[in-house]
Amino acid sequence: MNQSPCKVAVTSRTFSKHERLRKELLNKYPETDFNDSGESLSGQRLVGFLSGHTKAITALETLDDSILNQLPELEVVSKYGVGLDMIDLSAMSVMGKKLGWTSGVNRRSVSELVLSFMISSLRKLPYCQKEILAGRYRQIRGRELSGRTVGIIGCGNIGKDLVKMLKPFNCTILVYDIVDYAEFYQRHNILAVSKEALLNRAELVTLHVPLDDSTRGMIGKEEFKMMKPESVLINAARGNLVDEKALLEGLKAGQPGMAAFDVLAQEPPDDFDLINHDHFIISPHIGGSTEEAIWAMGMAAIEGLDKAIDPLEFGFNTI
């Protein structure tokens with residue numbers, strides 16, 4: 001057993017509840033404190049939980065400059081999951097704190113959810129259920145995914161996995177990314193286009209980019225005007241990529257025709273106007289919530305405690 005004298009804190013509630021992951025971590029770091037209260041940690045509660053620990057495994061908790069400055073003894077942060085928008089990487093680097101991070105560790109879990117969103121949206125399954133529950137049992141006409149034009153914004157780990165999953169459906173695939181994956185595009189017969197061209201042509205648009213200053217609000221009022229009236233917008237990346245007020249107005253106007261989100265700008269939500277719209281599908285940030293993904297993300301986080309590097313040594317273009 002490779003024991004280490006340093007203390008580890010696990011803020012992630014999902015990790016903390018997973019008996020196998022706890023056992024794996026305790027085998028390496030016996031002095032580990034878990035978030036057994038199930039509390040969503042933030043602000044001074046987060047500082048209090050992390051204080052006195054050399055290493056930490058975090059999930060959706062915000063580690064900004066003000067939090068990190070109060071944790072001088074914290075040397076390593078290992079990420080449970082792939083999103084990094086909640087961590088101030090520059091501040092970590094300046095303070096000499098290291099980051100453990102593995103890209104694409106939940107790719108299949110997210111891409112399967114996106115595929116289910118595509119089919120559910122096209123077949124109007126949530127609306128069908130509402131109609132039946134309201135006592136209106138009638139056939140509702142939908143569309144097939146097969147042969148549709150799909151636009152993928154961000155062709156990193158998840159985007160590439162989704163391309164492979166769409167193969168049996170013979171979809172035309174358009175991609176917009178700031179990185180040119182030319183060899184991958186050629187191998188899979190993908191057309192790289194501008195964001196505007198993608199929004200104009202795609203019948204389904206799915207977002208797979210990280211949240212940063214360049215992507216925040218990248219889909220808003222003007223972008224919805226470019227989309228086809230019956231198109232579907234899918235977001236299983238980060239809520240703040242989309243202007244949700246503009247999305248609600250777009251749905252009311254029929255452009256886009258439907259939207260399916262796993263993420264919101266505010267989680268849990270405090271505004272239900274968008275959520276209650278008949279053409280909006282929502283799930284509670286479950287992109288990585290499969291048994292397989294939880295195990296993979298947990299083991300990657302454990303490994304990251306020992307293989308952490310300066311955050312700015314990573315390249316963060318896509319997730």
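In this predicted model, Arg 22 sits in helix α2. Arg 22 has a relative accessible area of 16%, so it counts as buried, the cut-off being under 20%. Leaving aside residues up to four places away in sequence, Arg 22 is in contact with Phe 15, Ser 16, Phe 34 and Asp 36.

Helix α2 spans residues 19-28, and its axis comes within 10 Å of that of helix α13, residues 291-306, with a crossing angle of roughly 15°. The two helices are therefore roughly parallel, and their crossing is right-handed. On the α2 side, the contact involves Arg 20, Leu 21, Glu 24, Leu 25 and Lys 28; on the α13 side, it involves Ile 294, Trp 295, Gly 298, Met 299, Ile 302, Leu 305 and Asp 306. Sorted by class, these residues are 7 nonpolar, 1 polar and 4 charged.

Both helices also meet a sheet. This sheet is open and has 5 strands in the order β2-β1-β3-β4-β5, with parallel pairing. Its edges are β2 (32-34) and β5 (98-100), each of which pairs on one side only. From one strand to the next, the twist averages 20°. Within the sheet, β1 (residues 8-10) and β3 (residues 55-58) pair over 3 bridges in the parallel sense; Val 8 has Lys 55 in β3 as its bridge partner.

| Helix | Strands met | Angle to a strand |

Notes. Residues numbered from 1 in each chain as written. Predicted model: local features only at pLDDT ≥ 70, side-chain atom pairs only at ≥ 80, totals over all residues. Heavy atoms only, no water. Axes fitted to C-alpha atoms, helices over the stretch in contact; angles between N-to-C directions. Helix = DSSP H or I, 4+ residues; strand = E, 2+ residues; numbered from the N terminus. Parallel < 35°, antiparallel > 145°, perpendicular 65-115°, else oblique. Left-handed = near helix turned anticlockwise from the far one by under 90°. Contact = heavy atoms within 4.5 Å. Nonpolar A, V, L, I, M, F, W, Y, C, P; charged D, E, K, R; others polar. Buried < 20%, exposed > 50% of the residue type's maximum accessible area, 1.4 Å probe, protein only. Pairing = 2+ DSSP bridges.
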